[in-house]
Amino acid sequence: MRVLVVEDEPDLLASIARALRDEGYAVDIAADGEDGLFKAESWEYDAIVLDLMLPAVDGWEILRRLRRANKTVPVLILTARDAVADRVRGLDSGADDYVTKPFDLAELLARIRALVRRHVGHARSTIEIRDMVLDLRARTVTRGGRVIPLTPREYALVEYLALHRGKVVSRTELYDHLFGEDDDTLSNLLDVHVSNIRKKLGHDAIQTRRGHGYLME
Amino acid sequence: MNWVPRSLRWRLQLWYAAWLAVVLAAFSSTAYSLVRHNRWRHVDEEIERRFAALTAVLRPTVPGRPPFGPGRPDLLPPGPPKPSSPREPREPPSNPDRRLPPEVGAHPRGPHAEGSPNWLPTAALDALELNLFKTRRTESAFYYVLFGPGGNVLRSSPEAPAVSPPPTSDHFRDQVRQLDRRREHVRRLWAGFTLTVGKFADADLRELERLRWVLAAAASGVWLLGILGGAWLTGRMIRPVERIASTAQRIASGDLSARVPVTETESELGRLAATLNATFDRLCETLARQVRFTADASHELRTPVAVVLSQTESILARERSAAEYREALEACRRAARRLRHLVESLLVLARLDAGANSEERCRVRLERVVADAIELLRPLAQQHELQWELDLQPAECWANAEQLFHVAVNLLDNAIHYNRSGGTIAVRTGETDSQVVLEVADTGLGIAPDDLPHIFERFYRADKSRARMDGRAGLGLAIVDTIVRAHGGTIEVHSVPNEGSRFTVRLGRAIGWTSRADENPVNCEVVEPGCKPAAAVDNESSTSQPKGCDHENLDRRDSGVTRQQPGAMGSGEKAGL
């Protein structure tokens, strides 16, 4: 999952990014509105954490331009503006959630998980595929009641495919959603991860559609 | 008194109607009595004319006439009856039924009544009757009756009704009486003879009655019209009041944008509306500023707290390296410092707003306070490679030294922060006849004209975002402005974009002090080490300049500053306070 955090307070931006990376997200950061808007329009994110009071372009404007461009990416507004009028305005402008500072990091992470899940049409926090169970909250995969140890990147790959179960996911899309802008990605990195996952979960866990991408059924 | 309408409009209406009714009644009754008076006077004149003619005929013949000449008509009580006399109850009370004495008989016909004495000038009377008493219309006819000394009718005109005999009293002279529908003059002639001349007044009474009705109808009509006009007028007059009331109600119920529609500003209500609108504007502005200030303050306070929370939570989520811990702790320290700075600035503002400290003013040598501030900020300026251009002439003012220090530090800090590297800061103090002047000029970015009117507003930042690199919250100039205004001074800013800005503070000069006291001018007892001006420096220079200008350093220097003020601590001198 790839998340964009737009926040002009550097210490806050750093801690949110760190927490999200710890959770296995690929995180892009933007310290002002201009950068944030550019990134939000250029990439497909699974969620955007957006501050409202930003230099250059403010959060309202970013949200407005995104929605006008028919981007459906879930947006969570993270702001110190706690007035009811602002919450209403934020949600009505197309935001999916509204969190006021100071916030609880655990709550913020849970809300981002929920946003990502909902966005692909899952209400529950577990996904069951045959005898395999993904716990999106604990970020674990169990097969036959046994926890399979996966690296964060491997888990992220499985999670993404599981959330888009039944759909062929292209390699480009996987790259876009699993690697942040700062990650050095090699062209065959994805193949390495897929091969490792197959070793751990069984060969039939991920199917390859040559020329199209990967699929989990 | 619940039935009295409370509405101003209806009360006005009620009073108006009542007053109009009184005026109309007074007018109508005056008009009526004038007309009636004239009518009766006219009738009386007619009667009197006939009376005179009769007397003239009778005088030479009636026996026992007094020895004065016939040319003396004033042997009778002279003059026509008084206008008010018809109303007077002159009628003898002894004749309620107006029954005629038996010897008179009913309506004696013809000029010669029964027992008329032969001395009567019958021919002359006949002629007179033909001239003056004959009329075709009996309802307004004149008549006369001549009574003898015994009350017996000697002669009467043909139309004469049954007239009651005159009073027999010797003192009776004359009487004007109105009875039934006639008006009569009764007068004792001489030797007991009495003449009654009268007129049937049906027509006159009917005329007067009609007049009464006409007047009543006209007055009612005018009254109704007046009420309608009054209602229209009061409605018109009261409409602005209602508009004001409804506007005030809308504002009271939350629609702060409501304003009284003002069509003209000449009338009292127009002026009131304009004044109210101006008041509403100011209130809304104050409210908006307050709301904005609260929002800004909460925003500024929440952000560092959010940093501390998220940093600690994310760092504690699992085991980290020492470098990561250090980084998180530094972030927390920055946030905490910003919080401290913000809280202190807000407290300074709050105290200023509450009007505190005004009693702690004393005579202050402005140039020394500024010199202290320059010393405090010199390391910071050095890091920006800035040059000082100092022209500190003696300038004494009556002020709170601590607050003045805030002003100097904030202005200088601003000049440093917004300067270009290698620029200059020009500081000047001096005195004019009535003012002391502090001027701080930089060679920096300048301020955009759009921002210029707002730079003294709290939390105002030209770039609309948190230029957080140095922890500025946008309170420094607001504090400066508040302090200067609290001292009755003024602050001006002149700025050219990309050339620099010049802030000029003017304060009232301290006068009336002997030069003896000048020895220790800055010596109010307010200074306490460690709880002083760094609070109001609107930046957190330590975040970017760990060397030399750490906040602790600021504090230490503060204390140094206060110690430099001669006699500040414990000397007991209070500059004559």
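**Exercise 1. Find the bridge partner of A:E128 in β7(A).**

Solution. Start with the strand: β7 of chain A covers residues 132–135. (Strands are DSSP runs of E, at least two residues, and helices are runs of H or I, at least four, numbered from the N terminus.) The partner of A:E128 there is A:V133. Next, step back to the strands themselves: β6(A) and β7(A) pair in the antiparallel sense over 4 bridges, where pairing takes at least two DSSP bridges.

A word on the model: it is predicted, so local features need pLDDT of at least 70 and side-chain atom pairs 80 or more, while totals for chains, interfaces and linings use all residues. Residues are numbered from 1 along each chain as written, with chains lettered from A and ligands numbered from 1 in written order.

**Exercise 2. Check the length of helix α1 (residues 8–58) of chain B.**

Solution. Take 1.5 Å times one less than the number of residues.

**Exercise 3. Describe the side of chain A that touches chain B.**

Solution. First, 21 residues of chain A are in contact with 22 of chain B (C-beta atoms, placed from the backbone, within 7 Å). Then look for the element that gives the most: α1(A), with 8 residues.

Technical notes: Contact = placed C-beta atoms within 7 Å. Nonpolar A, V, L, I, M, F, W, Y, C, P; charged D, E, K, R; others polar.
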